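User: Could you take a close look at how the helices meet one another here? I am new to this, so please walk me through one part at a time.

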Amino acid sequence: MCDHFFSSCHTMQEEYSSTGEESGSSWVEWFQSLRGNELFCTVDEDYILDRFNLTGLNNEVQHYALAYELITDTLGQELDPDQWDQVEKSARHLYGLIHARYVLTSKGLSQMAEKMKRGEFGYCPRVLCQGQEVIPIGITDVPGSKAVKLYCPSCQDIYTPPSKKHLVIDGAYFTTSLPHLLLQMYPQLAPKKSTARYTPTIFGFRIHKIAEEHRKQDMIRQELEKRLQAL
């Protein structure tokens, strides 16, 4: 998955030179402007410059020193195309790992909350959730394992992003904790859990077998709710 994610890096040196450098934007600003990267929030520069926040990442990223210099716009040496591809690949991965830590801070959560409210992450595809805003989530915290998914706080389920440009973004960059911590910090964003359910009918009459299964599910849910309330 990661190789696919980084496969577009081949022409990145020319692309960044013709866009980022000429416009005077930083590497982070350029990265954020790329299609598909709207799922990321902009990591605060001071957070990146504080090496304490990056503890241990040097063991997880190849060409760490050069990648860090590229992200912080301090890369002084010229790189040949092959070297650039490797460093650019490492810089993207490093930024993603930094992002995974930053989004769990108060500033990061604040940014993600605003992006959620604006619907920048998209909406739940389940009709009965009535356009509930979703939140990016990883289903594992191990980088390179699974692509990012979208969590709906209404039905409390996860979905594959509908856009192909998001299918190659590493889910670990958003952590398995982000939606739940975000909703804890901003409870006003948490909708009432959806209990609405589609009921199949034929000529307006409920199908008996399905109706019976739904009744059993309702009884189980009610019993679980009673147990939780008793705790």
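Analyst: In this predicted model, Leu109, Met112, Ala113 and Met116 of helix H7 meet Leu178, Leu181, Leu182 and Met185 of helix H8. Sorted by class, that contact has eight nonpolar residues, with no polar and no charged ones. H7 covers residues 106–117 and H8 covers residues 178–185, and the two pack at an angle of about 90° with their axes 10 Å apart. Angles from 65 to 115 degrees count as roughly perpendicular, so H7 is roughly perpendicular to H8.

Now let's turn to another pair. Helix H5 (residues 64–71) packs against helix H6 (residues 81–102) at an angle of about 75°, and their axes are 8 Å apart. That angle therefore makes H5 roughly perpendicular to H6. On the H5 side, the contact is made by Tyr64, Leu66, Ala67, Tyr68, Leu70 and Ile71. H6 brings Trp84, Val87, Glu88, Ser90, Ala91, Leu94 and Tyr95 to the contact. Here the residues divide into eleven nonpolar, one polar and one charged.

At 1.5 Å a residue, its 22 residues should span 32 Å, and the end C-alpha atoms are 31 Å apart, so the two values agree. Of those 22 residues, 16 are buried, so H6 is largely enclosed by the rest of the structure.

Note on methods. Residues numbered from 1 in each chain as written. Predicted model: local features only at pLDDT ≥ 70, side-chain atom pairs only at ≥ 80, totals over all residues. Heavy atoms only, no water. Axes fitted to C-alpha atoms, helices over the stretch in contact; angles between N-to-C directions. Helix = DSSP H or I, 4+ residues; strand = E, 2+ residues; numbered from the N terminus. Parallel < 35°, antiparallel > 145°, perpendicular 65-115°, else oblique. Contact = heavy atoms within 4.5 Å. Nonpolar A, V, L, I, M, F, W, Y, C, P; charged D, E, K, R; others polar. Expected span 1.5 Å × (residues − 1). Buried < 20%, exposed > 50% of the residue type's maximum accessible area, 1.4 Å probe, protein only.
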